[in-house]
Amino acid sequence: MGLIGFSAGGHLAGHAALAPTADLRESVQFAVLGYAITSMETETYRPSRIILLGEDASPDLRRETSLDKLVTAQSPPFFLWHTAEDIYVPPEHTYRLAAALAVHEVPHTVHVFAHGPHSLGLAQGAGDAMAWTTFAASWIAEQIDAPARGTANSRR
């Protein structure tokens, strides 16, 4: 099973892929996140953090719901994409998660396109950013084939 999500939905999909619930984690083969809110510890896009966690979220709760803090060596592969011009969820969120995935040697791909606003979805007609779907389709095909090849995903 693969998960896909965008913005706050990207946080939800990422959290589901990384949550310490063994049954769900073992069934998640990969995750695709577009311009996702990955950190509840940053002050970027505070409205989503308040909606998701409440106005008075403790530092512990903010850390426990930050995707970069949930990554382990057993995490599934991730495809991440963002735009550098996103003013609502800065690409810092994608960079933080990518750094955590790299530290734990979790396979991942990152694309940050120079132009494009938040909420691009499939990014049809959005210049270079519309290539994300082609890149993701190829990457997903690799993830689906990976267990048969005995790669890192075979732990699933």
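1. **Ground rules.** This is a predicted model, so local features need pLDDT of at least 70 and side-chain atom pairs count only at pLDDT 80 or more, while totals for chains, interfaces and linings use all residues. Residues are numbered from 1 along each chain as its sequence is written, and side-chain values use heavy atoms, with hydrogens and water left out.

2. **Overall layout.** The chain has seven helices and four strands, taken as DSSP runs numbered from the N terminus (helices H or I, at least four residues; strands E, at least two). Along the sequence they follow the pattern β-α-α-β-α-α-α-β-α-β-α. Of the 156 residues, 44% are buried, meaning under 20% relative accessible area, with exposed over 50% and partly exposed in between (1.4 Å probe, protein chains only).

3. **Strand β1.** In β1 (residues 2-6), L3 and G5 make up the covered face, whereas G2, I4 and F6 lie on the uncovered one. In a regular strand the side chains alternate between the two faces of the sheet. β1 pairs with β2 in the parallel sense over five bridges; two strands pair if DSSP finds at least two bridges between them. G2 has F30 of β2 as its bridge partner.

4. **Helix α6.** Buried in α6 are H93, T94, L97, A98, A100 and L101. They cover an arc of only 160° around the axis, so they sit on the same side of α6; the arc is that of the directions from the helix axis to the C-beta atoms. Their cover includes β2 (30-34), α5 (67-70), β3 (78-83) and β4 (108-113). After α6 comes E105, whose phi is positive, near 55°.

5. **Aromatic pairs.** Rings of Phe, Tyr and Trp (its six-membered ring) pair if their centres lie within 6.5 Å; planes under 30 degrees apart count as stacked, over 60 as edge-to-face and the rest as tilted. The count comes to eight aromatic pairs. W81 and F113 are edge-to-face, 6.3 Å centre to centre with 70° between the planes. This pair links W81 in strand β3 with F113 in strand β4, 32 residues apart.

6. **Around F113.** F113 is buried, at 9% relative accessible area. The ring centres of F113 and F135 are 6.4 Å apart with planes at 10°, so this pair is stacked. F135 belongs to helix α7 (residues 132-149) and is partly exposed, at 36%. One aromatic cluster is formed by F6, Y35, W81, F113, W132 and F135.

Technical notes:
Contact means heavy atoms within 4.5 Å.
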